[in-house]
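This report looks at a few places inside one protein chain and describes how residues there meet. Please look over the sequence and the structure before reading on.

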Amino acid sequence: MSTLEAMTLDQVVDTARYPLPELENAEGQAVVARARRELSTLGCTVLPDFIRPSLRDVLQQECSAIAPRAHFEVETVNVYNIAVDSALPEDHPGRRTFQRGNAFVARDRVPADSLISLLYSHTVFQRFVARCFGLPQLHELADPLSGLVLNVVAPGMEHPWHFDTNEFTVSMLTRQAQDGGLFEYCPNIRSAHDESFDDVRDVLDGRGERLTRRLSLQPGDLQLFKGRYSLHRVSPVRGEVARHSAIFAYSERPGVIGSVARTRQLFGRVLPEHLAAEGRAVRGDRLLD
């Protein structure tokens with residue numbers, strides 16, 4: 001199978017287990033209620049085998065085929081994605097630096113007929129994700145590069161501890177690492193009103209086991225995550241196989257486009273849309289990042 005353009009959502013998603021088109025029935029309400037409960041208490045929920053197992057090979061093959069299109073550049077970062085030479089107190093966790101070695105395939109290099117593209121743009125899928133997060137509606141990003149991306153973590157690399165800019169993240173593992181590459185996170189370690197620098201520092205210094213959870217994800221599992229308030233990382237990948245995951249980026253408001261600096265950092269390029277939108281971004285809180 002080379003394309004999925006003729007496939008229906010029912011053929012791609014296990015709709016018997018996850019009845020996306022019928023969220024008002026008892027089964028649909030139960031799935032949404034569980035997701036909301038886990039997001040509220042743990043900051044994360046995983047829907048195992050969201051993609052039908054018969055399509056796992058297609059999922060992996062399609063994403064592996066585009067992985068070489070990723071922009072790769074190792075850079076020195078901190079958990080807040082701010083300049084590492086920022087004027088911060090000596091013991092501030094923002095002074096801890098890491099080597100970010102993950103790479104991203106931009107949306108304009110993801111085939112429109114791929115499985116992950118079908119999911120990302122499907123209104124029924126979007127409605128389901130919005131319901132799980134307790135939101136009235138979600139919008140695809142207007143950004144031509146960062147709406148739908150493939151995250152590639154090669155052997156020897158990692159996606160170090162960080163917070164997300166968005167309050168919510170939707171992702172799907174498409175290929176496991178041979179070893180390592182675990183998703184680790186600290187549920188609700190901070191809030192919109194409290195950075196909790198002491199706890200963040202403990203995690204970065206290796207003293208945060210009490211705050212950390214680890215997920216054993218499988219290809220085709222759908223992960224919904226509140227990454228704005230939960231410190232998280234993908235641990236170093238070992239062995240011979242890269243870790244691949246699709247990231248579905250949505251916003252509560254239409255027309256969202258990434259900043260020039262962040263876009264160039266992630267993809268090595270910017271487009272006219274980014275230049276035109278620069279300076280119009282609106283922050284929802286006063287957190288450091």
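The model is predicted, so local features need pLDDT of at least 70 and side-chain atom pairs count only at pLDDT 80 or more, while totals for chains, interfaces and linings use all residues. Residues are numbered from 1 along each chain as its sequence is written, and side-chain values use heavy atoms, with hydrogens and water left out.

Asn78 sits in the loop between strand 2 (75-77) and strand 3 (98-100), where strands are DSSP runs of E with at least two residues and helices are runs of H or I with at least four, both numbered from the N terminus. Leaving out residues up to four places away in sequence, Asn78 touches Ala83, Val84, Gly94, Arg96 and Trp161, contact meaning heavy atoms within 4.5 Å.

Asp221 belongs to the loop between strand 11 (213-215) and strand 12 (222-225), and at 7% relative accessibility Asp221 counts as buried. Beyond its neighbours within four places in sequence, Asp221 is in contact with residues including Val46, Asp49, Phe50 and Ser171.

| Side chain | Backbone atom | Distance |
|---|---|---|
| Asn78 | nitrogen of Asn81 | 3.0 Å |
| Asn78 | oxygen of Gly94 | 3.1 Å |
| Asp221 | nitrogen of Asp49 | 2.9 Å |
| Asp221 | nitrogen of Gln218 | 2.9 Å |

**The nonpolar core and its helices**

A nonpolar core is a set of buried Ala, Val, Leu, Ile, Met, Phe, Trp, Tyr and Cys residues joined through side-chain atoms within 4.5 Å. The largest one has 53 residues, of which Phe50, Leu119, Phe125, Phe128 and Phe248 touch the most other members. Its largest share, six residues, comes from helix 5 (residues 123-132). Apart from this core lies another, of 11 residues, which includes Phe98 and Trp161.

Helix 5 also packs against helix 2 (residues 26-42), at an angle of about 50 degrees and with the axes 8 Å apart. In this contact, Val31, Val32, Ala35, Arg36 and Leu39 of helix 2 meet Phe128, Arg131 and Cys132 of helix 5.

Notes:
Buried means under 20% relative accessible area, exposed over 50%, partly exposed in between (1.4 Å probe, protein chains only). A polar contact is a pair of N or O atoms within 3.5 Å; within protein, one must be able to donate a hydrogen and the other to accept it, and residues adjacent in sequence count only if both atoms are side-chain atoms. Axes are lines fitted to C-alpha atoms, for helices over the stretch in contact, and angles run from 0 to 180 degrees between N-to-C directions.
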